[in-house]
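Visitor: Hi! I have this one open in my viewer and would like a quick tour, if you have a minute.

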Amino acid sequence: MASHDPSHEIYYVPPQSKWPIVGSLGLLVTVFGAGTMMNNMSAGSDGGIGHWVLLAGLLIIAYMMFGWFSNVVTESRQGLYSAQMDRSFRMGMGWFIFSEVMFFAAFFGALFYVRMLAGPWLGGEGHKAQTEMLWPEFEFVWPLLQNPDPAIFPGPTETISPWQLPLINTIILISSSVTVTFAHHALRAAKRTALTLWLLLTVVLALIFLTLQIMEYIHAYNDLGLTLDSGIYGATFFMLTGFHGFHVAMGTLILSIILIRVMKGHFTPDNHFGFEAAAWYWHFVDVVWVGLFIFVYVV
Amino acid sequence: MSAVIDHHHADHAHGPAKGLMRWVLTTNHKDIGSMYLWFSFAMFLLGGSMAMVIRAELFQPGLQLVQPEFFNQMTTTHGLIMVFGAVMPAFVGLANWMIPLMIGAPDMALPRMNNFSFWLLPAAFGLLLSTLFMEGGGPNFGWTFYAPLSTTYAPPSVTFFIFAIHLAGISSIMGAINIIATVLNLRAPGMTLMKMPLFVWTWLITAFLLIAVMPVLAGAVTMMLMDIHFGTSFFNAAGGGDPVMFQHIFWFFGHPEVYIMILPAFGAVSMIIPAFSRKPLFGYTSMVYATGAIAFLSFAVWAHHMFTVGIPLTGELFFMYATMLIAVPTGVKVFNWVSTMFRGSLTFEAPMLFSVAFVILFTIGGFSGLMLAMAPADFQYHDTYFVVAHFHYVLVPGAIFGIFASAYYWLPKWTGFMYDEVLAKTHFWMSFVGMNLAFFPMHFVGLAGMPRRIPDYNMMFANFNMVSSVGAFMFGATQLLFLYIVIKCIRGGPKAAANPWEGAEGLEWTVPSPAPYHTFTTPPEVK
């Protein structure tokens, strides 16, 4: 294969596959279950069958992911993928990460809009004096501890100091970006033991980050009154850090699977896009965290 | 070389599978393209029947056929289905069918994901339509689903509406990633970027817009979900949030979205007009740059949808001028289309008729858009039927005529048969007259102050509304003729040559009609 002129390599078009339809079904069952559960809970009853439908949907998705990625791994190891195919995967992953960036941009945009424009207007700034008539007592400061209507949205008593757990978490996450890069260098130099150890260390750091993040949430809920329903500060705080935490959890899962594949002897020094995609994703969650640390915790 | 070709054939021996599972499990871009096109046409008829309900209710002043609650659900789901279910999937279907043929690629870059993109759509729209039968009814807050109408005051089914939007969004993002990877990575040797057909160019830019804004829409509906079920206050001022913030986030998605719906039509028309003028496209390079400029500007104009909501004067001015700036690259395009036709040897087959009507009527829609772009004037026009007239003029003779033109242009390539030209011309003229009768009077009632989204109206608007309704019924019924023409063309007709159009150029016309199940497994050489 290597002797082929790249322009004449065959682009692999896979045969029929059941995974797309399984995936669609899985997503449909998942969102139907989640919606039923949320509607029942908001109506005051328990989740009803929603929980179970949701669980079934998630299991179908897990089955699809496992099967689909197994197919891809097998095809890759059979040498069906040309250099051109590899470029398609790279573009696919790159643009997927760009779409994730835009998803976070919506929440960062909401945070900036509230802090720079909507909040001050609600406090009576600018020419919009009429907004002040709603809650004349309201003064806008950030972090917002006193909401316009504290009866509906009691504010938090305190916010989380950036220089304790969040700082530690920043150091951990940046270190994990470094360790995954060391793992990549080891892979390219065909040093399999070093690769395994650096990757293992990355996963351990990721798990520590997640544990600390959960501790921070428990502290916020139990001691600070900082909750999802504590007004716009809590809403932006938990949505940004929560979605980031969810992405870290997904990234940890991806890195763990890559670790298992490394231990099974997958990947060669020249051909390891699966590893690189996981590393790209990991750097992406790291960069988002730096944005979070600056704009949610510090500033 | 021949050994290589034989090898390719051995690799791709698998032709279409038999039975229903061919469509369910397929990885073939032509199968998937056909499914997209049929799905979008089904949604077009469904969303169209909702429009018929709306026009029937508005045939006369007073409430006669439906309750206002149901009328609201009809206006909302009509908009959602037409935008997300009819226009967008139709263009993705055209992209699937034609982009690999136009650039000499064996298939889409990621064929399995391609099928995933498609099969999410029936899931999304099944879920969306099921909300109409739920307790409290379906979405009734307008297709723009402004908070707090869509949060505090929404029916419980809004939860499923949100998830339907999520699914449709995932589908769009995967489809767009696939198109970008295909265009950037799978072009035949010699097919440089500036040799690409304009339909490929406009889709490349559209795909970029999709990846940039669909996640923002996902963010907006996720915030709604959190406000409704988990006590956050993104869109509730009592907790320090802001309902106007919803509009900002929505329109940051929504304005590029309107270009997502029109840019591929620009591309298709830019290929059809030269074919039937028997002249190369005038100003190819400027067309590419104009498309890029429109896409770039579309990110900086969103608040022109919100002039009356109370944004600062500097904001009004900025968004007013930025919006007017879009008229410049759009004007370049219209100029180029007209110049292409100038002194050409024109013939008026159905694709050309739809394309010429596209140029004229889209320009009318563009001009009414300029009127709406003027902030002080918009205070008068906002939320009137003038807005309805404006966006239907860009979407019906814009996006939808673009789709019809493309369908007639490429039907011989898809089916191997020529469509019935007389019936197709009838379809065009009935659509043209019906559409203008339906939407032109809306300008007048809008300027006179008739509000949109209301099931009843002042007696003085009665005559124009009756004309509108008659035109709408005519336009709606005519689309059944289109269905008949397409089925007739699939079942037979005069044999189509590989290139049935005298002036058409491009790689898609070098393969036989109908296009074989697998094309360009060995990339062609482009000079």
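The chat below goes through the chains, their contact and some local details.

Visitor: Before anything else, what kind of model is this?
Guide: It is a predicted model. The predictor gives the complex an ipTM of 0.95 and a pTM of 0.95.

Visitor: And what average pLDDT does chain B get?
Guide: Chain B averages 95, and 97% of its residues score at least 70. One stretch to treat separately is residues 1–13 of chain B, where the pLDDT is below 50. Beyond near neighbours in sequence, that stretch has nine contacts in the model.

Visitor: Good to know. Over to chain A: how many helices and strands does it have?
Guide: Eight helices and zero strands. Along the sequence the pattern therefore reads α-α-α-α-α-α-α-α, with helices counted as DSSP runs of at least four residues.

Visitor: What are its dimensions along the principal axes?
Guide: The C-alpha trace of chain A spans about 75 × 45 × 35 Å. Of the 299 residues in chain A, 38% are buried.

Visitor: How is chain A divided into domains?
Guide: Domain 1 covers 11–79 and domain 2 covers 82–298. Taken over C-alpha atoms, the centres of these two domains of chain A are 24 Å apart.

Visitor: What share of the contacts in chain A joins residues at least 24 apart?
Guide: Counting contacts between residues at least 6 apart in sequence, 69% join residues at least 24 apart.

Visitor: Can we check one helix? What should α7 of chain A span, at 1.5 Å a residue?
Guide: Helix α7 of chain A, residues 232–263, has 32 residues, so it should span 46 Å. The end C-alpha atoms of this helix are 46 Å apart, which agrees.

Visitor: What follows that helix?
Guide: α7(A) is followed by A:G265, which has a positive phi near 90 degrees.

Visitor: I clicked on A:A249. Where does it lie?
Guide: A:A249 is in helix α7 of chain A. It counts as partly exposed because it has 16 C-beta neighbours inside 10 Å, while the cut-off for buried is 20 or more. The C-alpha atoms of A:A249 and A:A206 are separated by 8.0 Å, and these residues are 43 apart along the chain.

Visitor: Now the contact between the chains. How many residues does each one put in?
Guide: Chain A gives 60 residues and chain B gives 63. On the chain A side, α1 (19–42), α3 (83–122) and α7 each supply at least two residues. The largest share of that side, 21 residues, comes from α3(A).

Visitor: Which residues touch the most other members of the largest nonpolar core?
Guide: B:V87, B:L127, B:L167 and B:A220 do, in a core of 262 residues. Helix α7 of chain B, residues 198–229, gives the most to this core, with 24 residues. The core also draws at least three residues from each of domain 1 and domain 2 of chain A.

Visitor: Let me zoom in on B:L167. What is it in contact with?
Guide: Leaving aside neighbours within four places in sequence, B:L167 is in contact with A:L27 and A:V31 from chain A. From chain B, the contacts of B:L167 are B:L120, B:A123, B:A124 and B:L127.

Visitor: Backbone geometry next. Which peptide bonds are cis in chain B?
Guide: One is from B:A147 to B:P148, with omega near 0 degrees. B:P148 sits in the loop between α5 (111–130) and α6 (158–185) of chain B. Another cis bond runs from B:S513 to B:P514, with omega near -5 degrees, and B:P514 is in the segment after α16 (462–491) of chain B.

Visitor: I also flagged B:R278 and B:F520. What is phi for each?
Guide: B:R278 has a positive phi near 55 degrees, and phi of B:F520 is also positive, near 55 degrees. B:R278 is in the loop between α8 (243–277) and α9 (284–297) of chain B, whereas B:F520 lies in the segment after α16.

Visitor: Is B:F520 buried or exposed?
Guide: B:F520 counts as buried because it has 21 C-beta neighbours inside 10 Å. B:R278 has 14 such neighbours, so it counts as partly exposed.

Technical notes:
Residues numbered from 1 in each chain as written. Chains lettered and ligands numbered in written order. Predicted model: local features only at pLDDT ≥ 70, side-chain atom pairs only at ≥ 80, totals over all residues. Expected span 1.5 Å × (residues − 1). Contact = placed C-beta atoms within 7 Å. Domains from an automatic or database assignment. pLDDT = per-residue confidence, 0-100. Buried ≥ 20, exposed ≤ 12 C-beta atoms within 10 Å, placed from the backbone. Core = buried A, V, L, I, M, F, W, Y, C linked by C-beta atoms within 7 Å.
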